[in-house]
2 protein chains.
Amino acid sequence: MNDVGCHSPLVRKFQALGPWTDSELLALGSFGSRRRRLGAHQAIFHERDASDEAYLVQSGWTCVYKLLPDGGRQVISFPLPGDIVGISGLFLDGAQFSFESLTPVELSPISTATLLNGAMASSNVARAVRWSVARDSAILVEHLVNVGRRSALMRTAHFILELAHRLRLIGAERAGEFACPVNQYWMADALGLTAIHLNRVLRELREAHLVTLRAGHVSIHDYEGLKDLAVFDGDYLSPPKRVGWP
Amino acid sequence: MNDVGCHSPLVRKFQALGPWTDSELLALGSFGSRRRRLGAHQAIFHERDASDEAYLVQSGWTCVYKLLPDGGRQVISFPLPGDIVGISGLFLDGAQFSFESLTPVELSPISTATLLNGAMASSNVARAVRWSVARDSAILVEHLVNVGRRSALMRTAHFILELAHRLRLIGAERAGEFACPVNQYWMADALGLTAIHLNRVLRELREAHLVTLRAGHVSIHDYEGLKDLAVFDGDYLSPPKRVGWP
DNA sequence: CGTCTAGTTGACAGTCCTCAATGCGGGTGG
DNA sequence: CCACCCGCATTGAGGACTGTCAACTAGACG
């Protein structure tokens, strides 16, 4: 009857947190009731914009970043389908970062009221939202460790593995292969490198038969080797296994 | 009558979010009902520890960090009195980082139940907690930008200014002077630098008559100059000014 | 066919790291 | 009281990693 979630990346992401009742699926569905389509490289909001809405990514790749006065850019994250962007901005004076599409995307604006009502209506929904926020924070922490304390090579390997894991959870990765429309400029700005140096690092990874990134497509040739290089552990990305979690 | 908050850094931090009713102050006070004293450099929890409790710092300086297998260390944050550590760990499988005291500290463990009950009992408390979490996220984002895209000099300047602002909000900074018991090893690990290089950077800042850090005490000599150097804007640290915020 | 974006490569410079040594102050024990 | 130790700060010399500048290729597109 209720197939609200069949095509919803949010429901897919929260699947393991279930079981979900029909009414809860409906509540989750309400997060995606409104839709907006945008082309590639369109601004969604800018740093300092007062924001009354967060955005659920329904399809496509997006990018969260901050610009510096000297022209520098730091990419904070690449939100994927099922990810919600800008929740923290709801509770501050404005967004702390800019948000834009990298590919054509489909977005669902979520008002503060919708978010809070959904969480109040169902404790399962509230849990899922709390987990999502906590996971985003864990990703951010790992990103900081990556940029602060890993070499360019390890950093890049770690980044690719994190992408692979996140994409696997939404069914967009298979056997170490996935589409990745992020160009080397954006990727370099995520990793705190220059595009030129990233290019050399990617060559090194390719020549070591670990991973190839070409024409918007990533092929991981040696998952274990890459994992060893990056000292990657993807536990922080998966839904919690604990029973009776809050 | 009700002086629950008079000596509570949490209430002080949340002051501007008021007005607070007595019963709400009581609810906030419940976050600090239990107390634990610890000496300097004591572990509070470790990465991967299953955690049922977050910690409110009541007094003293603390440190959140991650260790890498090669011996490296990335400091994520220096939680100060009024800050709550480990909320995200409650909603994941375990803590993503280690937490320890830098000085003798006083901590209040907050159970998941206490936190959620407090938030359910009062929408003002819920707001305050949401703001606190959102602010921590904003600080983390700024930290990532700092490490990823700013030179060692700007990075250090920015870090010192952020500390100054945070300390000012809890009344621990006056006229550009504050105590800072963080040694150069810890600070370097926060900034993604080596202690040796940080030392040279600090000398440079001192010789430029911008700021001096000596014997656990920071003196900002030229606030504007430092701010210009770091391109610092501390808005993300202050309570939101919006009316009717959620 | 020209233009544009993205990717690639080379040469060189510079920031930051590594290794090594020294100074300095505060404890602790003889 | 003094010697010793230890954590922390400081400095020097050299090297490695990463950035800068510049040029060139390849493919997409009109």
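How many salt bridges does the rule find across the interface of chain A and chain B? The rule finds eight, a salt bridge being a side-chain nitrogen of Lys or Arg within 4 Å of a carboxyl oxygen of Asp or Glu. One salt bridge joins the side chains of Asp235(A) and Arg48(B), at 3.8 Å from N to O.

This is a predicted model, in which local features need pLDDT of at least 70 and side-chain atom pairs count only at pLDDT 80 or more, while totals for chains, interfaces and linings use all residues. Residues are numbered from 1 along each chain as its sequence is written, chains are lettered from A and ligands numbered from 1 in the order in which they are written, and side-chain values use heavy atoms, with hydrogens and water left out.

The interface between the chains takes 47 residues from chain A and 47 residues from chain B, where contact means heavy atoms within 4.5 Å. About 4100 Å² is buried between chain A and chain B, and carbon and sulfur atoms give 64% of this area. Buried area is the accessible area (1.4 Å probe) that two parts lose on being put together, summed over both. Within chain A, the residues that lose the most area to chain B are Phe91(A), Leu144(A) and Arg149(A), together 19% of what that side buries.

Chain A itself is divided into domain 1 (9-139) and domain 2 (151-237), with bounds that come from an automatic or database domain assignment. The centres of the two domains, taken over C-alpha atoms, are separated by 24 Å. Their contact takes 20 residues from domain 1 of chain A and 20 residues from domain 2 of chain A. Between them the two domains of chain A bury about 1800 Å², 64% of it on carbon and sulfur atoms. Trp61(A), Arg73(A) and Phe78(A) supply 36% of the area that domain 1 buries against domain 2, more than any other three residues.

Arg73(A) also forms a salt bridge with Asp189(A), in which the closest N and O atoms are 2.7 Å apart. The count between the two domains of chain A is two salt bridges. On the side of domain 1 of chain A that touches domain 2, strand E4 (62-67), strand E5 (73-77) and helix H5 (123-149) of chain A are the elements that give two or more residues. Helices (H or I, at least four residues) and strands (E, at least two) are DSSP runs, numbered from the N terminus. H5(A) gives the most to this side, with four residues.
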